[in-house]
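Q: Please give me one close look at a single part of this model, and then connect that part to what surrounds it in the chain. I would like the cut-off behind each term stated once, as it comes up.

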Amino acid sequence: MSDSRQRQLAVEPQRSVIVQAPAGSGKTTLLVERYLGLLAAVEAPEEILAITFTRKAAAEMRERILQFLEPDYAASGPHEEAALAKARAVADKVAEWGLLDNPQRLLIRTIDSFNHYLARTMPVASQLGPVPAPAENTRALYREAARRVLARADGRDELAEDVRRLLLWRDHRSQDIEDLLVSLLGKREQWLRALGMSGHPDRADFERVVRDVVVDQLASAREALDAALGRATIDAENLLDILRQAAGCLAADGKASAFDGCDLTRLPGADPADRATWRALGFALLTNSGGWRASPNKNQGFPPKSEHKERLVPLLDRLRDDEALAAWIDRARSLPDPSYGDEEWEVLAAMIRVLEATAAELELVFAETGQSDFAGIGAAALRGLGDEYNGYTDLALYLDRRLRHILVDEYQDTNWGQYHLLEKLVGGWQPGEERSLFLVGDPMQSIYRFREAEVGLFMRTREHGIGAQVVESCRLTRNFRSAAEIVDWVNERLGPIFPADEDISAGAVSYAPSEAGHGAGGGVEILARSDRATEADALARRVARAIDEHRQDPDFSAAIIVRARSHLADILPALQRHGVGYRAVKLDPLLTRPVVQDLLAITRAIANPADKAAVLAVLRSPVSGLTLADLHALAGEGRSMTACDALEGLGEEARTRAERVLETLGRAQALWRKRPVRDLVEGAWRRLGGPHVLRDPDSECRDAAAYLDTLSAAEDQDLFEDWNAFMELLDEQFTEGDPPDEDIKLEILTMHGAKGLEWDLVVLPGLDRGTGGNSRELLYWLPFTPESGQERVLIAPLRSAEEDDNTDLIKLIRAQQKQREAYEHQRLLYVAATRAREQLVLSASLDPEKQPIQPASGSLLSDLWPTCGEDFVRALDEAPEAGERAIEGNERPDQGLRRVVAGWTPPLGERLEWRPALPPREREVEIEFNWAGVQVRRIGTVLHRLLERVGEVGIERFDDVQRRALGERIPGLLKAMGTGPDDLDAAVEPIREAFERTLESETGRWILSGEHREAACELPLSGIIDDKLVNAVIDRTFVDEHGTRWIIDYKSGYHAGGDLEGFLGEEAERYNVQLDIYRRLFEQMGETDIKAALYLPRHDRLVVAG
């Protein structure tokens, strides 16, 4: 499967080609070689235009080209020899052009900078006037435009009527309309173009699109139906006859059904009028959730023992494994009527006109502020080139003469606007001219739908070219990045989850296998644990071990790559526990950092002295550190904080602290709007000692500086006139992360942020987790890429506030969007996995108590499950049991307030006094599982879980059905813990026997009663005993009818010989210290009447401690 010939074709300068370059295939080297070869074919370097999508990619490409052009550069390997030979061949030209001294002559631009150049060059044709600067905070500008349009609701023109219609549609929820307009303005590049707005939307045009989509869906469903019936050797007429008899039964009973009004003389086809027959087919064969019926009943027209039911059941059995057909029938029966209702169309038309007006208003806001966004500049660039209808501009004609070769990197991330730009750039090219178009990318790495990237454009261009420009298709296969084991795993495990057939309109990309460019020497590991905490701990150990093993390798690197930032909640603390340093860039929202929350409270308190919550937040923060009792004394029960005696209820130290804060805030409040906001906030924070009580000064000072910079930007944009606008800006800010450090080997980032990067070790955690749902839109639309012609769009308005359910058209759009998201999730997993050079670790947390074990829908693991499910279940079975995690000595919990010392004044003298770390308390006795066998340990664990479940429900509400169900789970729980088939029966029996004995015994039922007060199972407690930290989990605790607190610790030990009382006495003595610790923990919480006991279910004995 060598791709040498494909690589040679791709760099021949006279060819126009589109190259599919999978991960690790050396795409950048190919681009550079192509560019160097083109230098030999042009008279000036400005005849070549290279377009990338990021500044980093543009800089890397320019640097690599100049590197090859240096006279003394030597190839670093065989893969660079061809590029170096081409660089040597143009050495004289390079010297003549002075290219090394003037590298700006290399036209290597990002798409945004090129658009800016076009708009700047033709300010009149682009209708942009003086070229605006890209806005840093676009949402504030969007919101201003939306508010201006909504403010016209009181007018008497057509737009005012449209705005009022929208407000009525949404039950006058004006803030909803405003928020949704703001959201849509950020995506206007797509809907403005797709809707072809003119102020007068054509209903027939929009309904024609709906009809075309419905017909296409029905045709695909009919094709699937015919194929399935053929495979199952089912006669269509026989099936129709069965359905007719079912319809007759329901009609005879006078029951309305999906059979009413449908044509059952033939199978349904692609005509929208056949939707009724598709609904009838789905009604008879499918459940409401879309699966095959086990057996239809009288409700579907199939009475028991009826002849036509007996005929249908075998047919269903033959179709039962065909999930694809069930999905097609389910989809076909849910398709909408290909026409809008009158009220629906009136709202949609009004919405389109309001959107058009809002987009026009936004252009005015841009002009007034001298700012724009990338979408606005991109649209201006297209206008600056002109078009065939209105005539091309001088700039377009100049570029047509000047540019002879165009290269585009990451073409799979192209959107329609960028596609149209390329169309115009090559629109004047004629056959036979020495011009070329080079497009390179990988549709399997298209993961930016949220930026309007349209992967279908890659496939469309590959098949049909761009405009009149035809391109040849090349596909690379060698992966020079990853070890052979990783390449093979990706081929074998990820490849099959991709769609078998490509679909341009739906964005379905089929998998293209790779071959290893390196030999063996790596590996893929599957890790699974029963909960997220133990998964995080295992991953931290794995990374720590890898870093330690490569301590002598200065180039070793590792990365933890997550699908969402929220998936790091357990991982980051685990890394800290294991002493693993890491660098995370722009990973956490700035607002989540405590120091930023404190600064925000100071800002609010200065801006609005009446903001009581903000003032209390400052008083509670480390710059003051008042206790909750102090805050209640100050402001509780409706007390006014502005009263002259407001501080009288505080103690002397608390009063001093509060006075200092209120005085500092008062000074700043007096200077509001007279001094820069940043100066006021930073000055107050420093005066109160904020920088001197930071737990991690380096990191938190960077976060504080980022917040203060945001204050400056907000003031420059006048955002403090609308606090919500400032908060929107703040919500968009992220922490910068730690600066680069040679000693830090681990990076943490998201899957989208990892694209284009690589590491020796890559860890993909939390594959079982999904992400949040999609937000609602004012407008539902589904753009799709046809094989030819312009972009088309399905569109529907948000349902009215009075409607309980979405319309069928909205359901269709959302279903199609969900399918496209599913396709992109597959590609996202591919991108993440192919970042690894040597080692790839995939992990998840799975609940062993759920049978069968399976991941949540929408998770990346659900995509992997068909090919890797057994691997994850095996990894879960082999996982070590999670015991109590000993807290390291340097993890001393801070049980006091972190605050400035009393009487503090700047500058700070001595640092806060250091206190040694609090050591954890070690067990003075070995617990049961340390000396018992592994199997005994599993028996005890399962028995604990069963009793915990009963205790949670309460024995009084634990019925026989629940009892049987819980008992049936015993084998599964044991297997999940690693019990083999040979030992299973021997382990199940003592658990079942002890469980049943406990449920039947008077003592057991008393312990598990749900009538006790303050009852709890597996209650975690922490405290300090004898100056040592103690973490404990209480098996069962409650307060009985006499007010006694019972602490009961389950022990699954068993004594088969004589002298049972002696055995019980030894057990009591063994665990006396442990029970005493539990008792002392409750005493610290104010309990006095306490009894602690052991309960041995296998003997049904309660042993009360001394």
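A: The largest nonpolar core has 90 residues, and among these Phe259, Trp292 and Leu794 touch the most other members. Such a core is a set of buried Ala, Val, Leu, Ile, Met, Phe, Trp, Tyr and Cys residues joined through side-chain atoms within 4.5 Å, where buried means under 20% relative accessible area, exposed over 50% and partly exposed in between, with a 1.4 Å probe and protein chains only. Helix 16 (residues 342–369) supplies the largest share of this core, 13 residues; helices (H or I, at least four residues) and strands (E, at least two) are DSSP runs numbered from the N terminus. Because domain 2 (136–197 + 340–372) and domain 3 (217–334) both give residues to the core, it lies between them; the domain bounds come from an automatic or database domain assignment.

The model is predicted, so local features need pLDDT of at least 70 and side-chain atom pairs count only at pLDDT 80 or more, whereas totals for chains, interfaces and linings use all residues. Residues are numbered from 1 along each chain as its sequence is written, and side-chain values use heavy atoms, with hydrogens and water left out.

Leaving aside neighbours within four places in sequence, Leu794 is in contact (heavy atoms within 4.5 Å) with Val209, Val210, Val213, Tyr780, Trp781, Leu782, Phe784, Leu809, Leu812 and Ile813. A second, separate core of 50 residues includes Leu616, Val681, Ala704 and Met727.

Domain 1 consists of 3–124 + 403–480. An open sheet of six strands has parallel pairing and the order 3-2-8-9-1-10, two strands counting as paired if DSSP finds at least two bridges between them. Its edge strands, strand 3 (107–110) and strand 10 (472–475), each pair on one side only, and neighbouring strands are turned by 15° against each other on average, direction ignored; axes are lines fitted to C-alpha atoms, for helices over the stretch in contact, and angles run from 0 to 180 degrees between N-to-C directions. Strand 1 (residues 17–20) pairs with strand 10 in the parallel sense over four bridges, and Val17 stands opposite Glu472 in strand 10. Helix 20 (residues 456–464) lies across strand 1, strand 9 and strand 10, running at about 135° to strand 1, while helix 19 (residues 416–426) lies across strand 2 (48–52), strand 8 (405–408) and strand 9 (436–441), at about 165° to strand 8.

The loop between strand 1 and helix 2 (27–39) holds Pro22, and Gly24 lies in the loop between strand 1 and helix 2 as well. An unreviewed UniProt entry annotates a "binding site" that covers Ala21, Pro22, Ala23, Gly24, Ser25, Gly26, Lys27 and Thr28; UniProt positions are given in the numbering used here, feature names are shortened, and annotations may be inferred rather than shown by experiment. Pro22 counts as buried at 3% relative accessibility, and Gly24 counts as buried at 12%. With neighbours within four places in sequence left aside, Pro22 is in contact with Asp442, Met444, Gln445, Leu476, Ser514 and Tyr830, whereas Gly24, not counting residues up to four places away, touches Arg478, Asn479, Phe480 and Arg481.
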